[in-house]
Amino acid sequence: FFLVPHFTTTKMAALLTRGRLVAQAPALSQTRSMATLQELSLRLKSVKSIAKITKSMKMVSAAKFARAERNLKDVRPIGDTSVVVAEKAGVEVEDAEKQIMVIVSSDRGLCGGIHSGVCRETRKLLAAQPDNVETKLVLVGDKARNILSRTHKSSILVSAAGIGKKPPTFEEASAVAKELISSGYEYDSGTILYNHFKTAASYEVTKRPIVGAAAMESAESLSLYEEIDEDAIKNYSEFNLANNLYYCMVESAAAEQSARMSAMENATNNAGDMISALELKYNRTRQAVITTELIEIISGAAAME
């Protein structure tokens, strides 16, 4: 038995009650700290998983970019040839009342603002056109269709999907050109908007003119080489359209892979920064919980003496 002199029953009850209140406050604080630790642990685990995914996607994009760059080196002479032939023949593409605008994108995202940039330039060009000019849109890729269908749905003439999963081929460009020709829309001039690959870290939205059969027929210098009938000019203009589309698709694919590689590298670096910050916060919170537990143990041992 322990004898406690000079303490009445009322005073003892009051001390015990105050002791319970004091003991409950650290318990609630400890519970909140444990919940915070669990939340930080889950978030840290989630960010680490995202960092692994973005790092893997960066490696995949780097391999695809190397292949796209090799394809681009083979295709660039073809693209330059079509422009040189039109320039040497004196073919001039003038602004007409009926035009088409081909926007080259793809179906895949996670590559920064490469798709929104070409669509932004498209909106700017459409807004700057006079009221008497009718322009129809040919959209290559779901990303351009999803963005431009919100504001220019009535202007969409042809849209193509399934672009970007594999390297572009001439058959895909020919299919898009065939759909455009089969639509029955008779245009006088046109423009292709695409992302021109410059370096692994930069690209530029570029315009490429579309030379129609009517513009070629009006070029007198073409007849100096040999007799060219109307069917030959029509066939050449269709082939030139497919050729330009293929070149622009290859350029855009290389720019997209480089942009995706840069985006995944930035995402991996940002995830690393978040992991460092979360680990620091987790360790500080864990240290605070341990310190609180030690204070409670010491205080309890001192109270028992």
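Student: How many bridges join strand E1 (residues 98-104) to E4?
Tutor: This is a predicted model, where local features need pLDDT of at least 70, side-chain atom pairs count only at pLDDT 80 or more, and totals for chains, interfaces and linings use all residues. Strands (E, at least two residues) and helices (H or I, at least four) are DSSP runs numbered from the N terminus, and two strands pair if DSSP finds at least two bridges between them. E1 and E4 run parallel, and the number of bridges joining them is five.

Student: Which residue in E4 does Ile100 stand opposite?
Tutor: Residues are numbered from 1 along each chain as its sequence is written, and side-chain values use heavy atoms, with hydrogens and water left out. Now look across from Ile100: the residue opposite in E4 is Gly190.

Student: Do E4 and strand E5 (residues 202-210) run parallel or antiparallel?
Tutor: Start at the turn, where E4 and E5 form a hairpin with two residues between them. Phe197 stands opposite Tyr203 in E5. Nine bridges join E4 to E5, and the two strands run antiparallel.

Student: How many of the 11 residues of E4 are buried?
Tutor: Buried means under 20% relative accessible area, exposed means over 50%, and partly exposed lies in between, using a 1.4 Å probe and protein chains only. E4 spans residues 189-199 and is mostly covered. Its buried residues number eight.

Student: Good, now charges! Which residue forms a salt bridge with Lys124?
Tutor: A salt bridge here is a side-chain nitrogen of Lys or Arg within 4 Å of a carboxyl oxygen of Asp or Glu, and that rule gives a count of six. Lys124 is exposed, as its relative accessible area is 53%. The closest N and O atoms are 3.9 Å apart, and the partner is Glu121.

Student: How far apart are the closest N and O atoms of Asp142 and Arg145?
Tutor: These two are three residues apart in helix H3 (residues 142-148), so about one helical turn separates them. Arg145 counts as partly exposed because its relative accessible area is 32%. The two residues form a salt bridge, with the closest N and O atoms apart by 2.8 Å.

Student: Is Arg260 buried or exposed?
Tutor: Arg260 meets Glu256 in a salt bridge (2.8 Å, N to O), and both lie in helix H6, four residues apart, about one turn of the helix. Glu256 counts as buried because its relative accessibility is 5%. With a relative accessibility of 2%, Arg260 also counts as buried.

Student: What is the area of the nonpolar surface patch that includes Ile298?
Tutor: Patches use residues with over 30% relative accessible area and no salt bridge, joining like charges within 9 Å and nonpolar side chains (Val, Leu, Ile, Met, Phe, Trp, Tyr) within 5 Å. Areas come from the Shrake-Rupley method with a 1.4 Å probe, and for residues only the protein chains shown count as cover. Ile298 lies in helix H6 and is exposed, as its relative accessible area is 57%. With Ile290, Leu294 and Ile297, Ile298 makes a patch of about 380 Å².
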